[in-house]
Amino acid sequence: MGTYNRYTLFNQNGTCGIVPFGKIPPKSTDFRETYHKGKTRLDILSSQYYGDANYGWLIMQANPQYGSMEYQIPDGVELRIPYPLEESIGAYEASIEEYNRLYKK
């Protein structure tokens, strides 16, 4: 599988629309990592767990309590790494479909 492009879900006539947070429910297969500000990077965690550095956004989606940007993550907190990747992307897509059903007219 090539890198998943979440922005295709929001492409409207060649421009990107609003990209909402998607809910990714916890699973027993998820991993946990302690975040160390200045040392931990989401692209490295993504590469470690998914074999692709482009899924830092998915880790942020699974941890909405820390905002939407990596620099907002407090030092020493435990991050949930949603796993496996394909199942987590499916949960993200289902969440976006639900968002669209509720809020897009």
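**Group meeting: a walk through the predicted model**

Tyr49 is buried, at a relative accessible area of 15%. The cut-off for buried is under 20%, so Tyr49 falls inside it. Please keep in mind that this is a predicted model. Tyr49 sits in helix H1. Leaving out residues up to four places away in sequence, Tyr49 touches Phe31, Arg32, Glu33, Ile81 and Tyr83. Pro82 is 33 residues from Tyr49 along the chain, and the two C-alpha atoms are 9.2 Å apart.

Now the chain as a whole. There are three helices and four strands, and along the sequence they come in the order β-β-β-α-α-β-α. The radius of gyration is 14 Å, close to the 13 Å from the globule rule for 105 residues, so the chain is as compact as a globular protein of that length. Along the principal axes, the C-alpha atoms fill a box of roughly 40 × 30 × 25 Å. Of the 105 residues, 36% count as buried. The accessible surface is about 6500 Å², and carbon and sulfur atoms account for 51% of that. Take the contacts between residues at least 6 apart in sequence: 69% of these join residues at least 24 apart.

Next, the core. Which residues have the most contacts inside the largest nonpolar core? They are Tyr50, Tyr55, Leu58, Ile73, Leu79 and Tyr92, in a core of 22 residues. Helix H1 (42–50), helix H2 (56–61), strand E4 (78–81) and helix H3 each supply at least two residues of this core.

Tyr50 is worth a look in the viewer. Setting aside neighbours within four places in sequence, Tyr50 is in contact with Tyr55, Leu58, Ile59, Ile81, Pro82, Tyr83 and Leu85. Tyr50 also belongs to one aromatic cluster, together with Tyr4, Tyr55, Trp57 and Tyr92.

That brings me to the aromatic pairs, of which the structure holds seven. One of them is Tyr55 with Trp57, a tilted pair with 6.3 Å centre to centre and 45° between the planes. Are these two residues buried or exposed? Tyr55 is buried, with a relative accessible area of 1%, and Trp57 is buried as well, at 13%.

A second pair is Tyr99 with Tyr103. The ring centres are 5.1 Å apart and the planes meet at 40°, so this pair is also tilted. For tilted, the angle has to fall between the 30 degree limit for stacked and the 60 degree limit for edge-to-face. Tyr99 and Tyr103 are four residues apart in helix H3, and therefore separated by about one helical turn. Tyr99 counts as partly exposed, at 25% relative accessibility, whereas Tyr103 counts as exposed, at 55%.

Last, Ser88, which is in helix H3, residues 85–103. At 0% relative accessibility, Ser88 counts as buried. What does the side chain of Ser88 have 3.4 Å from one of its polar atoms? The answer is the backbone nitrogen of Tyr83. Not counting residues up to four places away in sequence, Ser88 touches Ile24, Lys27, Leu58, Pro82 and Tyr83.

Key: Residues numbered from 1 in each chain as written. Predicted model: local features only at pLDDT ≥ 70, side-chain atom pairs only at ≥ 80, totals over all residues. Heavy atoms only, no water. Buried < 20%, exposed > 50% of the residue type's maximum accessible area, 1.4 Å probe, protein only. Polar contact = N/O pair within 3.5 Å; in protein donor to acceptor, adjacent residues only side chain to side chain. Contact = heavy atoms within 4.5 Å. Core = buried A, V, L, I, M, F, W, Y, C linked by side-chain atoms within 4.5 Å. Rg over C-alpha atoms; globule rule 2.2 N^0.38 Å. Areas by Shrake-Rupley, 256 points an atom, 1.4 Å probe, with all protein chains shown as cover. Phe/Tyr/Trp six-rings, centres within 6.5 Å; stacked < 30°, edge-to-face > 60°.
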